[in-house]
Amino acid sequence: MKKIVLLLLAITIAGYAQCLSAPINTRVGLKVGFNPGTYDPDDGLDELKGTGMHFGLGMGTDFLNLISLDMGAQFRTTKYSRAEPLGRRTYSYNNLYFPIFLSLKAGMLPMISPYIGIGLGINVQFDGKQKWEPNGIAIETQIEGSNTNAFLILGIGAEIKLIKLRISPEFTANINSQADDPDTPDRNEKITDYHLSVGLYYAP
């Protein structure tokens, strides 16, 4: 993960260095969507699956109509569930998510500009709930404490241009291949959340 962070920083710095004197376009707005995901705790049982949602603020900057840098802050819920031998187990979390996304965009096209990119997401999990359902009886337990993880973001999307309005449908895969869990250091845990979202931006 450290190599990925360094690579993203190098690409971002290089992009800014080459584009400071180039035409710059900005936008700011809202992004909303849902996020089906999987959590594999590597414990010999099936992976957990579920769907959450996300919404928040976003802003972006385009250089030369080719390189785009987007960042935001989102409230995000995640939910993972599976059937186990003695009942069903579900984990639900509330998170703050801070994605940074660097993309190549065909911004010279007049109406619709497709793009593809890579990014880094910082997820701050600040509370959660575990539900255990043996024999149809629901037992809920609060999960206290905060946890922070970094996600690799891979994505595609398109920007639809309507005068001062920008509409951006987007699909991203958010991957953490070694989720932090001090109680199980020998497990290679993996979380993958797929964000399907739409951004509505004002472009001055």
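On a 1 Å grid over the protein atoms alone, a cavity is a set of points where a 1.4 Å probe fits but cannot get out, and a lining residue has an atom within 4 Å of a point; points are joined across faces, edges and corners, and a volume is the space filled by probe spheres set on them. By this rule there are two cavities of 30 Å³ or more.

The model you have open is predicted, so local features need pLDDT of at least 70 and side-chain atom pairs count only at pLDDT 80 or more, while totals for chains, interfaces and linings use all residues. Residues are numbered from 1 along each chain as its sequence is written, and side-chain values use heavy atoms, with hydrogens and water left out.

**The whole chain**

Colour by secondary structure to begin with, taking helices (H or I, at least four residues) and strands (E, at least two) as DSSP runs numbered from the N terminus. The protein has one helix and nine strands, and along the sequence they follow the pattern α-β-β-β-β-β-β-β-β-β. Of its 204 residues, 42% count as buried, where buried means under 20% relative accessible area, exposed over 50%, and partly exposed in between (1.4 Å probe, protein chains only). With contact taken as heavy atoms within 4.5 Å, residues 24 or more positions apart account for 63% of the contacts with a separation of 6 or more.

**The largest cavity**

Select Lys31, Asp70, Phe101, Glu170 and Tyr201, which of the 26 lining residues are the closest to the centre of the largest cavity. The space in this cavity is about 300 Å³. At least two lining residues come from each of strand S1 (24-40), strand S2 (48-63), strand S3 (67-84), S4, S7, S8 and strand S9 (190-202). The lining divides into nine nonpolar, 11 polar and six charged residues, with Ala, Val, Leu, Ile, Met, Phe, Trp, Tyr, Cys and Pro counted as nonpolar, Asp, Glu, Lys and Arg as charged, and the others, Gly among them, as polar.

**The largest nonpolar core**

Next select Tyr39, Leu48, Tyr80, Tyr91, Tyr93, Tyr97, Phe101, Tyr115, Phe151, Ile153 and Ile191, the 11 residues of the largest nonpolar core; such a core is a set of buried Ala, Val, Leu, Ile, Met, Phe, Trp, Tyr and Cys residues joined through side-chain atoms within 4.5 Å.

Asparagine 174 lies in strand S8 (residues 165-176) and counts as buried because its relative accessibility is 1%. Its side chain makes a polar contact of 3.2 Å with the side chain of threonine 172, a polar contact being a pair of N or O atoms within 3.5 Å of which, within protein, one must be able to donate a hydrogen and the other to accept it, while residues adjacent in sequence count only if both atoms are side-chain atoms. Among the contacts of asparagine 174 beyond four places in sequence are Tyr97, Phe151, Ile191 and Asp193.

Move to aspartate 193 in strand S9, which is likewise buried, at 1% relative accessibility. A polar contact of 3.0 Å joins its side chain to that of tyrosine 80, and its contacts beyond four places also include Arg76, Phe151 and Asn174.

Serine 103 in strand S4 is buried, with a relative accessible area of 3%. Its C-alpha atom is 8.3 Å from that of leucine 66, 37 residues away along the chain, and Leu66 is one of the residues that serine 103 touches.

Valine 124, in strand S5 (residues 112-133), is partly exposed at 24% relative accessibility. Leucine 96 is 28 residues from valine 124 in sequence, and their C-alpha atoms are 5.1 Å apart.

**Two loops with positive phi**

Most residues other than glycine have a negative phi. Asparagine 65, in the loop between S2 and S3, has instead a positive phi near 55 degrees and is partly exposed at 31% relative accessibility. End at isoleucine 163, in the loop between S7 and S8, where phi is also positive, at about 55 degrees; this residue counts as exposed, with 80% relative accessibility.

How values were computed
On a 1 Å grid over the protein atoms alone, a cavity is a set of points where a 1.4 Å probe fits but cannot get out, and a pocket is an open set with protein on both sides within 12 Å along at least five of seven lines; lining residues have an atom within 4 Å of a point.
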